[in-house]
Amino acid sequence: MKFTFDRDALLKEIAIAQEIIATKNAISILSNVLLVAQNGTLTIRATDIKVNFETNIPVDIQESGSTTVFCDKFMSIISSLPQGEIEFEQNDIKINIRPATRKAKFQLKSITSDKFPEFTAPNGISFFDIPVKEFKEMVQQTVFSVSDDETRYFMNGVFMEKKEDKLQLIATDGRRLAYISKAFGITLPDFKAIIVPPKILTIITRRASDEGILSIGIGEKNIFFRFGNYEFSSVLIEGQFPNYNRVIPASQDYSFQVETKDLLEALKRVALLVEQKSRRIYMTAAPGTLTISSQETEIGTAKEEIPCQYDGAEITIALNYLYLEEPLKVIGSDRVKVEFTESMKAITVKAEPEKDFFHIVMPMQIE
């Protein structure tokens, strides 16, 4: 096996492969990236068993073949070399890497490609196409609310369902909930509701550009994504997602509005003096003013006032500041509305004017 490749073109793809790979054990096939050179194309594959990645780039092939190489060291070597052409040659189990413009040579051991896991093929699955930018927004509005409690594995992913002709994503950790529902002007194929692991969604939002179309295929146990020259797939999370509709308030009696930037910056400052375990801050809404405060036992307190559009009775709500800060970072509007009924019932955080998403936060006890 022998081919010549452009350093920058391959480095971009190997960097994605390295994101997929979960282990850096040099003797494990799962630490390796699969390379298949044939018909002027290099196919690159990586997997952690649950998430799969495949792409193709053009290369100059002198001898076709396939092998696997330890991804971490392969990427480090390519990164260290200058831009330009690099030669890749395999002899038996040894791989030689030589840059065209330097008298340098690296040698790595390989593992035969027949030991590399097979990927599940999307046979008989119907794909649907949506704008990649809008799907990325859906993920960004929800993925941070996924639970990391492995004993509640059914909340360790983002819930995806079709409702009428809308695609909906919901995530919750039991103390907060993120919801978004989008119509794309197309007829979506029927599929049963699924739970998608956050790893595959995070990689797609990070690696996909804002232009073009994302193709999605949903099977019984896997989800498939295609965009550009990339193909990703992931095993789905099994289990029954909670009935999220029970958490969403049918109506709320009061609301206040503030500038998103004002609230976000005040939260960051006040959070400097919170108890690290609870992350509790207090929001006191009064006509014209929202006061955000915190207290770190035996160290100090923090308090900040910002302008607020509110004309109700004064009320104080305690909550984990991260549950408010994380939605504010992605809400994408100059103003934000916070709806509530009383201090110990769920609050709803919305963009102002309202968009196709919202965030639910459960308050904490006031101490």
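Okay, let's start with a pair of strands: S11, residues 158-163, and S12 pair in the antiparallel sense over five bridges. Strands here are DSSP runs of E with at least two residues, helices are runs of H or I with at least four, and both are numbered from the N terminus. Two strands count as paired if DSSP finds at least two bridges between them.

Before I go on, this is a predicted model: local features need pLDDT of at least 70, side-chain atom pairs count only at pLDDT 80 or more, and totals for chains, interfaces and linings use all residues. Residues are numbered from 1 along each chain as its sequence is written, and side-chain values use heavy atoms, with hydrogens and water left out.

Back to our strands. Lysine 163 stands opposite lysine 166 in S12. S11 and S12 make a hairpin with two residues between them, and in that turn glutamate 164 has a positive phi of about 55°. On to the next neighbour: S12 pairs with S13, residues 176-183, again in the antiparallel sense, over seven bridges. Isoleucine 170 has tyrosine 179 in S13 as its bridge partner. This hairpin has three residues between the strands, and glycine 174 takes a positive phi near 95°.

So, is S12 enclosed or open? Six of its seven residues, in the run 166-172, are buried, so S12 is largely enclosed by the rest of the structure. By buried I mean under 20% relative accessible area; exposed is over 50%, and partly exposed is in between, using a 1.4 Å probe and protein chains only.

Now zoom out to the whole sheet. It's an open one of eight strands, in the order S14-S11-S12-S13-S25-S24-S23-S18, with antiparallel pairing. At the edges stand S14 (194-196) and S18 (254-259), each with a single partner strand, so one side of each is left without a neighbour in the sheet. From one strand to the next, the twist averages 25°. For angles, axes are lines fitted to C-alpha atoms, for helices over the stretch in contact, and the values run from 0 to 180 degrees between N-to-C directions.

At the S14 end, three bridges join that strand to S11, and the two run antiparallel. Valine 158 has valine 196 in S14 as its bridge partner. Then there's helix H3, residues 132-140, which packs on the sheet and touches S11, S12, S13 and S25 (357-361); its direction makes about 25° with that of S12. Contact, by the way, means heavy atoms within 4.5 Å.

How many aromatic pairs does the structure hold? There are 20. Rings of Phe, Tyr and Trp (its six-membered ring) pair if their centres lie within 6.5 Å; planes under 30 degrees apart are stacked, over 60 edge-to-face, and the rest tilted. Another tilted pair is phenylalanine 135 with phenylalanine 225, at 5.8 Å and 45°. Phenylalanine 135 lies in H3 and phenylalanine 225 in strand S16 (residues 222-227), so this pair ties together parts that are 90 residues apart in sequence. Phenylalanine 135 and phenylalanine 225 are buried, too.

Leaving out residues up to four places away in sequence, phenylalanine 135 touches several others, including Met160, Leu167, Leu169 and Phe225.

Last stop: a second open sheet, this one of four strands in the order S21-S20-S19-S22, with antiparallel pairing. Its edge strands, S21 (300-307) and S22 (315-320), each pair on one side only. The twist here averages 20° from one strand to the next. Five bridges join S19 (residues 280-286) to S20 (residues 289-296), with tyrosine 282 opposite serine 293 in S20. Helix H5, residues 260-270, packs on this sheet, touching S19, S20 and S21, and its direction makes about 170° with that of S21. Helix H6, residues 321-330, lies across S19 and S22 and runs at about 85° to S22.
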